[in-house]
Amino acid sequence: MIEQKKIIAPEKVACEVCFKEIPLSEATSVKATDYIVYYCGLECYDQWKKQKDQKESPASVDKD
């Protein structure tokens with residue numbers, strides 16, 4: 001009798017920017033302050049980085 005092996009689906013994570021589900025083995029990850037975020041590619045990482053930088057930079061306000 002031939003023994004069949006079970007096929008195991010790869011663990012998937014969601015891209016932090018576009019929420020596309022990607023295999024964990026293909027995801028690009030960055031350690032943030034208290035957690036790890038995943039990206040499907042460099043375009044999403046760049047977009048996330050720009051949004052993060054805009055939130056962190058103080059808005060310039062003119063005072064009279």
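Me: Two rings of Phe, Tyr or Trp (its six-membered ring) count as a pair if their centres lie within 6.5 Å. Which residues form one aromatic cluster here?

Reply: First, a caution: this is a predicted model. The cluster is made of Tyr39, Tyr45 and Trp48. A search of the whole structure finds 3 aromatic pairs. One of them joins tyrosine 39 and tyrosine 45, edge-to-face, at 5.3 Å centre to centre with 80° between the planes.

Me: What is the geometry of the pair of tyrosine 45 and tryptophan 48?

Reply: Planes under 30 degrees apart count as stacked, over 60 as edge-to-face and the rest as tilted. The rings of tyrosine 45 and tryptophan 48 have planes at 35°, so this pair is tilted. Their centres are 6.1 Å apart. Both residues lie in helix α1, 3 residues apart, which is about one turn of the helix.

Me: How do I read burial? Is tyrosine 45 buried or partly exposed?

Reply: Tyrosine 45 has 23%, so it counts as partly exposed. Tyrosine 39 has 0% and counts as buried. Tryptophan 48, with 12%, is also buried.

Me: And for the whole chain? What percentage of the residues count as buried?

Reply: Of the 64 residues, 16% count as buried. The chain exposes about 6200 Å². Carbon and sulfur atoms supply 50% of that area.

Me: Which residues make up the largest nonpolar core?

Reply: There are 6: Cys15, Val17, Val37, Tyr39, Cys44 and Trp48. Strand β4 (36-39) and helix α1 (42-56) each supply at least two residues of this core. Take Cys15 as a way in. Leaving out residues up to four places away in sequence, Cys15 touches Lys20, Tyr38, Tyr39, Cys40 and Cys44.

Me: Now the overall layout. In what order do the elements run from the N terminus?

Reply: The order is β-β-β-β-α. That comes to 1 helix and 4 strands. Strands β3 and β4 pair in the antiparallel sense, over 4 bridges. Threonine 28 stands opposite tyrosine 39 in β4.

Me: How should I read the side chains along a strand? Which ones in β4 point to which face?

Reply: In a regular strand the side chains alternate between the two faces of the sheet. Strand β4 shows this: Val37 and Tyr39 point to one face and are buried.

Me: Next, the cysteines. How many disulfides does a search of the whole structure find?

Reply: A disulfide is a covalent bond between the sulfur atoms of two cysteines. The search finds 0 here.

Me: What about backbone angles? What is phi of phenylalanine 19?

Reply: Most residues other than glycine have a negative phi. For phenylalanine 19, phi is near 65°, a positive value. Phenylalanine 19 is found in the loop between β1 (12-14) and β2. With a relative accessible area of 61%, it is exposed.

Me: One more loop. Where does leucine 24 lie, and which residues does it touch?

Reply: Leucine 24 lies in the loop between β2 (21-23) and β3 (28-31). Not counting residues up to four places away in sequence, leucine 24 touches Glu11, Lys12, Val13 and Tyr38. Leucine 24 and valine 13 are 11 residues apart along the chain, yet their C-alpha atoms are separated by 5.8 Å. Leucine 24 has 31% relative accessibility, so it counts as partly exposed.

Me: How much of the contact count comes from residues 24 or more positions apart?

Reply: Take the contacts in the chain with a separation of 6 or more: residues 24 or more positions apart account for 20% of them.

How values were computed. Residues are numbered from 1 along each chain as its sequence is written. This is a predicted model: local features need pLDDT of at least 70, side-chain atom pairs count only at pLDDT 80 or more; totals for chains, interfaces and linings use all residues. Side-chain values use heavy atoms; hydrogens and water are left out. A nonpolar core is a set of buried Ala, Val, Leu, Ile, Met, Phe, Trp, Tyr and Cys residues joined through side-chain atoms within 4.5 Å. Buried means under 20% relative accessible area, exposed over 50%, partly exposed in between (1.4 Å probe, protein chains only). Contact means heavy atoms within 4.5 Å. A disulfide is a pair of cysteine sulfur atoms within 2.5 Å. Accessible areas come from the Shrake-Rupley method with a 1.4 Å probe; for residues, only the protein chains shown count as cover. Two strands pair if DSSP finds at least two bridges between them.
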